[in-house]
Amino acid sequence: MKAAVSALCIGLFTCIGLVSEASAAAKCIKGDRKAPYTIGWANIYSVPTWMKQTEGTIAAEVEELKKKGLVDKLVITDAQGDANVQIQQIQSMIDADVDAIILIAGSSTAPARVVADACAKGIAVINFDSLVDTDEVTAKINTDSNEWGDTAAKWLIDQLGGKGKILVLNGPAGISVSDDRRKGANAALAANPGIEILAETNTAYNVAPAQEAVTSLLFAHPQIDGILSLGGALSAGAILAMDKQGRPMVPITGENARQFLELWKDKDLKSWATMQPNWLGALATYTAVQALEGKDVPAFVKVPLPIIDNSTIDSYLARAKDFPADGYIYSPYDQKLFDELLAAK
Amino acid sequence: MIRSGDTALYWRAQRERNRGLLGLFAVVAAFLALYAYLFPGLLTVAGISKFAQSWLPLALVAMAQAILMLTGGISLAIGATVSLGAVIAATTMTGYLGVAGGVVAVSAAGLAIGALCGVIAIRLRLPAIIVTLAAAFIIAGLALLILPRPGGAIPGWFSDLLAGNTPAALFILIFIALLWKLYLATPLGLSLYAAGENPVGAYRAGVPVDAARIAAYAISGLLSTLAGLFIAAQTGSGDPVIGQAFTLNSIAAAVLGGVGFLGGRGTMRGAIAGSLLLSVMINVMFFLGFSPVAQYVAQGLIIIGAVALPQITARFRRTR
């Protein structure tokens, strides 16, 4: 019975695939690949909790797609942070002729050529979160990092009434995501000359280095009115640093890191946070299969930035126990949301 | 040059240098055979080309590190220098300097930075590890100044020439290995091992110890920026932090290849074999379907195994 149902499903999907194939196929898709598909997940670094959570959403989505007979295998590589190794691993995926590659890039430029090679071989390439500067992919999926920085800066300026001394906490230098978030804040900061930037830092998106950096900045600056933090772990590190020195809490921006959200509630802060939802991984997997099935998917899927503020934080913390202590509490997702995002042009 | 009467001495030295490397060569050959078995496409021109392209940068930095380690030095600035080479290439080649000008600029930067590090470390008698650590920060900063975020471009035809479907990377490596052989025949090259193994004795014997060491730093810098140039060509663009992982990997490859930390011990062929093992390992583990966690463990075990192998065989030889 079950087998018959899934056979029917496969049949149906193939039909739908053939019908829409005639109309329009997504980029990189040649229509010669048949379900069930092998999906390659080219990860840049699997150790951070954020990445483990992302991998979790991908694995969960693959399980769903397996039930429908659309996917039979998920192969995972981990470049251990090395963009050169990632290129090599993507090349191996091409050599092994996987049907789709989903990718978080370790460098926004380095994988461009190998990704174009994959595309030319008819492999669906879905690039999400950390994007590559090339159009030779089936689709890119991301939130808008510029908008992130802009909204965060505007919220903080608003909190300070347009006047005050602030710290700016950035992710690592030379990384496009961190650069884009920072650039997004520029216009709002320039429009408010009353806001004085005391100091800026660049650290990895980790609590410990951020705490260390902010600790030394606190010694140097007796008066700080607000903190423009462009990463969740950075915000948590800043709060811990201020708490240790007994400094009064100030308005701070951040991201959906569980530790930050809990400190926010614990210290009764006035804060604002957004997120790069971990389920972008699941969405990328879903999109890859949709494209392979012949559906025309948008070249760029812009995922709106979910906002957490003092009115919604409780709803996030209520689900906190479902997420790792050093992980991210992301907004809920389902297939309906995915279909909506893919339908939006 | 080696005179005919010295041939026996030459081969004795070669045999001495090869000792302990045979195990590594066997391991590398086994991995290559396994890779070719798992992925038969390797044994095509395109397959060899692609593999050589992913291997070449690591081979170059392994050589860059090995030449320093042979003189008793070490560099923690290799990764940053690779990044610098990549960003210089990506910012000059599409400008009025053109590809040839870009290659000259990249080479000059590598030689100059390497030589400067060498002069500071050797003439001021400062520990190489400190000098190159400081240099790493400065060079990484320079790379970020030249290209604050990934970007720039390499002319498409140049990328295709070096990293298209031709085994250019393999030929480059063979060419550089031959140059190395020639360098070892020059007075400075000849002094390398002596300067590393017994600097005081070498100095008393009239060997230009300091010059040999500074030249080694300059060549090391050149090899590093050339690795960056190749990566830029391979990727079609520049990234100011692309080289980071190469510092540790260059040391790993050199040590794996039997190059000693104390100078005077090891060979370039060993370092190149070490880098080949590190590179082929990644592909083999992919085709064996190892999970990322298993890859971490396996990688560590293989490295320890390959380093321990010569020790174990040496002990076996002694007790026999």
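**Conventions.** Residues are numbered from 1 along each chain as written, chains are lettered from A in the order written, and side-chain values use heavy atoms without hydrogens and water. In this predicted model, local features need pLDDT of at least 70 and side-chain atom pairs pLDDT 80 or more, while totals for chains, interfaces and linings use all residues.

**Salt bridges.** I took a salt bridge as a side-chain nitrogen of Lys or Arg within 4 Å of a carboxyl oxygen of Asp or Glu. The count over all chains is 22.

I looked up B:Asp160 and A:Arg113, whose closest N and O atoms are 3.3 Å apart. This pair crosses between chains, from helix α7 of chain B to helix α4 of chain A. (Helices are DSSP runs of H or I with at least four residues, numbered from the N terminus.)

Next I checked B:Asp210 and B:Arg125, a salt bridge at 3.6 Å, N to O. B:Asp210 lies in helix α11 and B:Arg125 in the loop between α5 and α6 of chain B, so the pair ties together parts 85 residues apart in sequence. For accessibility I used relative area: buried is under 20%, exposed over 50%, partly exposed in between (1.4 Å probe, protein chains only). B:Asp210 is buried at 16%, whereas B:Arg125 is exposed at 58%.

I then found B:Glu197 bridged to B:Arg265 at 3.5 Å between the closest N and O atoms. B:Glu197 is in helix α9 and B:Arg265 in the loop between α12 and α13 of chain B, so parts 68 residues apart in sequence are tied together.

I also noted a network of salt bridges linking A:Asp179, A:Asp180, A:Lys183 and B:Arg149.

Key. Helices (H or I, at least four residues) and strands (E, at least two) are DSSP runs, numbered from the N terminus.
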